[in-house]
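Visitor: Could you walk me through this structure, please? I am new to this and would like to take it piece by piece.

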Amino acid sequence: MDAGRRGPLRRRGMASATSGAGRCRLSKVGAGRRPPPARVRVAVRLRPFVDGTDGAGGPPCVRGLDSCSLEIANWRNHQETLKYQFDAFYGEKSSQQDIYAGSVQPILRHLLEGQNASVLAYGPTGAGKTHTMLGSPEQPGVIPRALMDLLQLTREEGGEGRPWALSVTMSYLEIYQEKVLDLLDPASGDLVIREDCRGNILIPGLTQKPITSFAEFEQHFLPASRNRTVGATRLNQRSSRSHAVLLVKVEQRERLAPFRQREGKLYLIDLAGSEDNRRTGNKGLRLKESGAINSSLFVLGKVVDALNQGLPRVPYRDSKLTRLLQDSLGGSAHSILIANIAPERRFYLDTVSALNFAARSKEVINRPFTNESLQLRVLAPVKLSQKELLGPSEAKRARGPEEEETGSPEPPAAPASASQELSPLQKLSSMDPAVLERLLSLDRLLGSQGSQGTHGLNTPRRERMVLMKTMEEKDLEIERLKIKQKELEAKVLAQEAVDPKEKENSSPTMLRPLARRTVTVAKPLKKAVVMPLQLIQEQAASPNAEIHILKKKGRKRKLESLDASEPEEKAEDCWELQISPELLAHGRQKILDLLNEGSARDLRSLQRIGQKKAQLIVGWRELHGPFSQVEDLERVEGISGKQMESFLKVSPAWPLLPGPGAAPSFNAALPCPPVVQANILGLAASQR
């Protein structure tokens, strides 16, 4: 039975459609197309028998068939075997160099392309994971061999004359009981795992050491390896009690335009082995460590199953280990899983579990992409001399008369460096032919893709030189204008510090501050004042009282002139109440006629005369005859003296209605209440 092919094609298609979909949008190169898939490659290594262990002389439970497949006894039926097929199988006689050259070395080239890569060592405790990753001085493992080749590649690609400048940094950490600890700086404490806006996993505060040679790597790595937590169990005298992760970052910067940047990460991970506490005999702290290890490995298996089944949620955040391996499983890295197994029969269940996990892991699909970005190079500020900033005419004036007579044999040098940095177009004549050829090919490529291309590259030489010269002159003119503006501002500030007398004697061309806006107060609204009746009667009784007609009259107001001379007088309009006596007598007679001859409807047109009072006046007139004077209205039953006083205001003269077409007028000195005035105006309107 072939257990390595148990994943159906439908699962594989779903995994390829879902895994890494969130990463492909983060690619800066080729964002318009989806990155090609890359399946997790799985290699299985069978360690030899360990001397001094039980069953060392017995037959193994695992046997290799060829370089890619193996078989293991079926515990349910001893007459059958389970067959597994992987990308590579390394038997008992395989060396460290075979494993490194066959599975790990090919992925190092991806780091120089700005892509991520990861190598994971998985297996039960005592299966040889740490030996595979670290090795020994006589047989170095994956980590020292990979660092030696990677540093050699960076030296070759980042040498003199190469288009890229490369730098390598390293970080080393362990995950111990769900705590992220920095092995290069053990005093830093528990670190947190974050994710930036681009989806990259990072650890703030993690120590990064730059390395340029393998000796520098050993100088940092060997002391940090001694800080890793290890312990003794029944199955392994030096068992790893934590997951160790070595992070190597390769940064590239392009030396020429467009100054691209690339960043590739290499994860070298030595996972702690799963343990059966019944066989290891763990107690106390070892039991707690074993529980944390098994829990993280269980979440790792859940992540692999979720990726294979195409589930919408992958439980990366359920463990610190899976959170850190988010790029390696279903992410954007070229991943290699090295499953280490033991041949002894007492490790049979652990071996079957490791092979099943490896078979599920090879169905996981990653989508690596090039992590590349563009960074514009900032030009340093240009400092021009005074002669370069001044124009030819101003420079001639600045030279003294002696220099003009003798003459200067040296012509003014053109600010070549300044113009070269100020202008976006460099002088193509002084450019390297190889760089010029690359720029022209880039311009042709952009033109073929429909873009406008770089202006000025394909322009004829004479027109290009004229264009560059014009741009240089414009830049110099801008600098001269800036200097003039600063000088004018300095003059204005100096002039403000001068005394007021000197400021008056200064030239009229000097800039003056703007005059403040004068705020005028609005004139008060005109009000009509009603004077008391007694005051009006007193004024009318006085012999000096004057009677006038209502007319518009001006009132003078004193104003201060600007020259501080005599105050001027300005007329202001106002109204005065002046009443004619003849008009008052005529109006009195009209009201009397209305009382004697008017009907109840006509009487209601008067102020303070309603329906009831009009009927009383008509009834009284029929019984007692016509009114002889207006004051007889008080004798009408139902009209009190106070009402009569408020209606007529007994006075020697009453307002009279004018003739047709004439406007009524009133006497301010005679007592004419507002009610009577309203009656007169109402009668005048009815006559019209």
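Guide: Let us begin with a term that we shall need for sheets: two strands are said to pair if DSSP finds at least two bridges between them. Please also keep in mind that this is a predicted model.

Visitor: Okay, so which strands make up the open sheet of 3 strands, and in what order?

Guide: The order is β3-β4-β5, and the pairing in this open sheet is antiparallel. Its edge strands are β3 and β5 (81-85), each of which pairs on one side only. Direction ignored, neighbouring strands of this sheet are turned by 25° against each other on average.

Visitor: How many bridges hold β4 and β5 together?

Guide: Strand β4, which covers residues 69-73, pairs with β5 over 5 bridges in the antiparallel sense. Within that pairing, Leu70 has Tyr84 of β5 standing opposite. A helix packs on the sheet as well, namely α10, which touches β3, β4 and β5 and whose direction makes about 145° with that of β4.

Visitor: What else does α10 meet, say in α8?

Guide: On the α8 side the residues are Leu300, Gly301, Val304, Asp305 and Asn308, and they meet Phe357, Arg360 and Ser361 in α10. The axes of α10 and helix α8 (residues 285-309) come within 9 Å and cross at roughly 35°, and the crossing is left-handed.

Visitor: And α5 with α6, is that crossing left-handed or right-handed?

Guide: The crossing of α5 and α6 is right-handed. Helix α5 spans residues 142-157 and helix α6 spans residues 214-225, and they pack at an angle of about 140° with their axes 10 Å apart. From α5, the residues Ile143, Pro144, Leu147, Met148 and Leu151 meet Phe214, Phe217 and Phe221 in α6.

Visitor: Which strands does β2 pair with?

Guide: One partner is β18, which runs parallel to β2 and is joined to it by 6 bridges, and here Ala43 stands opposite Ile338. Another is strand β6 (residues 88-90), which pairs with β2 in the parallel sense over 3 bridges, with Phe89 in β6 as the bridge partner of Val44. As background, strands of a sheet pair through backbone hydrogen bonds, either parallel or antiparallel.

Visitor: New topic: how many salt bridges are there?

Guide: The structure holds 17 salt bridges. One of them joins Glu344 to Arg47, with the closest N and O atoms 3.0 Å apart. This pair links distant parts of the chain, 297 residues apart, since Glu344 sits in the loop between β18 (333-341) and α10 (348-361), while Arg47 sits in the loop between β2 (41-46) and β3 (62-64).

Visitor: Are those two buried or exposed?

Guide: Glu344 counts as buried because its relative accessibility is 1%, and Arg47 also counts as buried, at 11%.

Visitor: How about Arg313 and Asp318?

Guide: Their side chains meet in a salt bridge with an N to O distance of 3.4 Å. Arg313 is exposed, with a relative accessible area of 53%, whereas Asp318 counts as partly exposed at 39%. Elsewhere, salt bridges that share partners join Arg241, Glu275, Arg286 and Glu289 into one network.

Visitor: To finish, how many helices and strands does the protein have?

Guide: There are 23 helices and 22 strands. Of the 688 residues, 39% count as buried. Among contacts with a separation of 6 or more, 68% are between residues 24 or more positions apart.

Notes: Residues numbered from 1 in each chain as written. Predicted model: local features only at pLDDT ≥ 70, side-chain atom pairs only at ≥ 80, totals over all residues. Heavy atoms only, no water. Salt bridge = Lys/Arg side-chain N within 4 Å of Asp/Glu carboxyl O. Helix = DSSP H or I, 4+ residues; strand = E, 2+ residues; numbered from the N terminus. Buried < 20%, exposed > 50% of the residue type's maximum accessible area, 1.4 Å probe, protein only. Axes fitted to C-alpha atoms, helices over the stretch in contact; angles between N-to-C directions. Left-handed = near helix turned anticlockwise from the far one by under 90°. Contact = heavy atoms within 4.5 Å.
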